[in-house]
Amino acid sequence: MRRLNPLILLAALALAVVFWQQRQPAAPAASASTSTIAAAPLPSFLPPEAASTLDSIARGGPFDHRQDGVTFGNYEGLLPKQPRGYYHEYTVETPGASTRGARRIITGGNPPAVYYYTGDHYQSFRRFEWHR
């Protein structure tokens with residue numbers, strides 16, 4: 001009886017491993033709303049899209065909208081009074097919206113020390129804690 005060549009056995013084993021790996025389901029890709037920096041859970045009132053906005057803020061960009069990062073004037077006077085330039089605004093994406101939508105995160109300080117969320121375009125704000 002003939003002995004099998006070790007190289008043939010090795011090649012067959014390698015093909016079996018490749019075939020087996022291709023049949024395994026791929027790991028799910030991380031979604032855009034998955035927070036990669038935030039260690040603390042986000043408040044339940046924030047929409048899922050806020051996580052990616054906070055990640056972008058923590059990284060210093062890039063941002064999807066040219067208005068992101070601009071000074072927020074607090075003209076409504078609903079946030080605590082601070083010197084001009086203290087507050088900055090960032091868009092929280094609204095699925096299906098053809099514009100920036102009404103959702104924003106407002107940060108205070110540089111680096112940000114306070115965070116506020118508005119889902120109604122500056123008519124109301126909710127303060128929240130967030131730590132990287």
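These legends describe close-up views of aromatic side chains in a predicted model. Residues are numbered from 1 along each chain as its sequence is written, and side-chain values use heavy atoms, without hydrogens and water. Local features need pLDDT of at least 70 and side-chain atom pairs count only at pLDDT 80 or more, while totals for chains, interfaces and linings use all residues.

**View A. Phe63 and Tyr90 form one of the nine aromatic pairs in the structure.** Rings of Phe, Tyr and Trp (its six-membered ring) pair if their centres lie within 6.5 Å; planes under 30 degrees apart are stacked, over 60 edge-to-face, the rest tilted. This pair is tilted, at 5.2 Å centre to centre and 40° between the planes. Helices (H or I, at least four residues) and strands (E, at least two) are DSSP runs, numbered from the N terminus. Phe63 is partly exposed at 29% relative accessible area, whereas Tyr90 is buried at 9%. Buried means under 20%, exposed over 50%, and partly exposed in between (1.4 Å probe, protein chains only).

**View B. Tyr115 and Trp130 form an edge-to-face pair.** The ring centres are 5.7 Å apart, with the planes at 80°. Tyr115 belongs to strand 3 (residues 114–118) and Trp130 to the segment after strand 4 (126–128), so the pair ties together parts 15 residues apart in sequence. Tyr115 is buried, with a relative accessible area of 6%; Trp130 is also buried, with 4%.

**View C. Ring pairs link Phe45, Tyr115, Phe128 and Trp130 into a cluster.** The charged end of Arg126 sits over the ring of Phe45, 3.9 Å from the ring centre. The criterion is NZ of Lys or CZ of Arg within 6 Å of the ring centre and within 35 degrees of the ring normal.
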